[in-house]
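Subject: A structure to look at

Hi there,

Here is the structure I promised to pass on. Please open it alongside this note and have a look when you get a moment.

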Amino acid sequence: MLSERVAMMPVAGERTDAPSGVLVGVSPVTVPATMTEQGAQKNGAAEHFGLLHMLVVDDDEAVRKACCQIASGMGFAVVLGAESATAARAILKHQRIDVLLLDLKLPGGGGLPLLEQVKALHPDAAVVVMTAFATVSSAVEAMRIGAGDYLTKPFALEELTTVLGRTAKQLELDVQSRLLRERLRTQQGMGGLVGRSPEMEKLYRILSKVAYSTHPVLILGESGTGKELVARSIHFNGPNASKRFVTVDCGSLVPTLIESELFGHVKGAFTGADRAKEGLLASAEGGTVFLDEIGELPIDLQAKLLRALQEKEVRPVGSTTAKPISARVLAATNRDLAGMVERGTFRKDLYFRLNVVNLRIPPLRNRREDIAPLAVHFLEGMEKESGVERTFSDSTLRVMAEYDWPGNVRELENAIERACALSSGPVLHMGDLPTQLQNFRLQQGPAVQAEEDLERSEGVRAGGGEIVSIAEMEKHAILETIRQLNGDKLMAAKLLGIGKTTLYRKLKEYGISDGLGD
């Protein structure tokens, strides 16, 4: 099978010592197109390759040709090969290269000097290093210089297609990150909503239709997705935008006062009612009443709310006469109302009355392409308040885009606000974000950490960049040592010259309890 790890046969006229080659199984240079297509589809990245140019640098002709053929089959626009660093430099002078697949052991100087030159001349190019002599130190050094990934020879076809697919996706995200930073303002959606994902485009189309109607709308979504913002968008993009928008948090009101808040009361209706009060449903007067967390409304009040919606009138507590209402009602919840109806904890007739139009807001993890625009949007808002201009590092944006954000947009906004409060410079790094994101970053392996360290060091060398504190340098030294030792904390403490008690105390301060091994 193609995925089996079998050595390639030597080609006539070439050296006969064991080549450090790609394990393709069928032939050293012939790879079935179906395998590369399957590899691209498996990574879901076939659409990322169409505009990318790739250069393969390896002195082993069989390896070079096999890698070129695999990349061509995956859909790379241009795939070139070079047998030495000198030949690669000649190509780089006249050809744009987006992805460099580089053997570290090259005749006439090796691959690391070439890698350093490529990153200096083409900092946006993605580099994947491959070697049969991989060590922790060589991999870390390659990452420090600018490599994004590495392969240890011999490797299987699936390993190569997986790495190339991951690299293509990473390149696309980096381009989007740079474009976002170049724009002074992020592209806005409807009514202050931010996002251009297919899910948000669908939401905008529905909002544009319901904004000009008077029907009740039920807004569903997880906590923190922006349900109130959607309700405000409906109101302020409709014909009654000049009228009041009244928010009622059904989950925070005292149960004994909910009826009075919604419907109002007359003087003397109960102890302490020393004057009459108009209810929120009546106070909107042609505007919009937003019932947030409608699932928390007590069952007895659900019947009264249903009657008010049906009859378009309310009777204040203690009054014998009804008062007409003209407000539109929008409701929202993060609970499963349909399930509550089945269990008898929410009235079926009220559910159908509110569910005339149903809007479901997607969680942030289902529209990851909106994470970067949202992050930039929040950062710009904080810049206006503080007057301090800040930006994100590439690796920070990448990790934020990969994180699932269980708290959705609210968690993202709070994370950026925290980062701005704790940052010591104009560039927000992963170390400035909350502990849960830093722990998630550590699970991504050494590549992200090495890139983050490189970005920090480049910022200092460039002048005018942020100054890294001694405590921050100490933190990176400890974590990097543990990573290189595959999580062996006792050995790390010995090499660092500190006691194991001190090491564990430092890790606790960093909010890290699990091992940091690969």
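Below is what turned up, going from the whole chain to single residues.

First, the ground rules. This is a predicted model, in which local features need pLDDT of at least 70 and side-chain atom pairs count only at pLDDT 80 or more, while totals for chains, interfaces and linings use all residues. Residues are numbered from 1 along each chain as its sequence is written, and side-chain values use heavy atoms, with hydrogens and water left out.

**The chain as a whole**

The secondary structure comes to 21 helices and 18 strands; these are DSSP runs numbered from the N terminus, with helices being H or I of at least four residues and strands E of at least two. Of the 518 residues, 48% count as buried. Buried here means under 20% relative accessible area, exposed means over 50%, and partly exposed is in between (1.4 Å probe, protein chains only). If you take contacts (heavy atoms within 4.5 Å) between residues at least 6 apart in sequence, 71% of them join residues at least 24 apart.

**The cores**

A nonpolar core is a set of buried Ala, Val, Leu, Ile, Met, Phe, Trp, Tyr and Cys residues joined through side-chain atoms within 4.5 Å. The largest one has 32 residues, and Leu291, Ile294 and Phe346 touch the most other members. Helix α11 (residues 299–311) gives the most to this core, with 5 residues. Leu291 is in contact with Val248, Cys250, Leu262, Leu305, Val329, Leu330, Ala331 and Ala332, leaving aside its neighbours within four places in sequence. Another core, of 26 residues, lies apart from this one and includes Met400, Tyr403, Leu412 and Ala415.

Helix α8 (residues 227–236) is also worth a look: Lys227, Val230, Ala231, Ser233, Ile234 and His235 are buried there. Their cover includes the helix α7 (198–210) and the strands β8 (217–220), β9 (245–249), β12 (288–292), β15 (328–333) and β16 (357–360).

**Two helix pairs**

Axes are lines fitted to C-alpha atoms, for helices over the stretch in contact, and angles run from 0 to 180 degrees between N-to-C directions. Angles under 35 degrees count as roughly parallel, over 145 as roughly antiparallel, 65 to 115 as roughly perpendicular and the rest as oblique.

The axes of α14 (residues 371–386) and α16 (residues 408–422) come within 10 Å and cross at roughly 50°, which makes α14 oblique to α16. On the α14 side the contact is made by Ile371, Leu374, Ala375, Phe378, Leu379 and Met382, and on the α16 side by Val409, Leu412, Glu413, Ile416, Glu417 and Cys420.

Helices α3 (residues 85–94) and α4 (residues 111–121) pack at an angle of about 10°, with axes 10 Å apart, so α3 is roughly parallel to α4. Here Ala85, Ala88, Arg89 and Leu92 of α3 meet Leu114, Gln117 and Val118 of α4.

**Helix α20**

In α20 (residues 489–496), the buried residues are Lys489, Ala492 and Ala493. Seen down the helix axis they fall within an arc of 100°, so they line one face of α20; the arc is that of the directions from the axis to the C-beta atoms. Their cover includes α19 (470–484) and α21 (500–509). The face turned away from the buried side carries the exposed residues Lys494 and Leu495. Leu495 has 57% relative accessibility, and its C-alpha is 8.3 Å from that of Thr481, 14 residues away in sequence. Glycine 497 follows α20 and has a positive phi, near 75°.

**Single residues to check**

Most residues other than glycine have a negative phi. Which phi does Lys312 have, positive or negative? Lys312 has a positive phi of about 55°; this residue sits in the loop between α11 and β13 (313–314) and is exposed at 55% relative accessibility. Asn408 also has a positive phi, of about 60°, but lies in helix α16 and is buried, with a relative accessible area of 0%.

Asp432 is buried at 10% relative accessible area. Beyond its neighbours within four places in sequence, Asp432 is in contact with Arg418, Ala419, Leu422, Ser423 and Val427.
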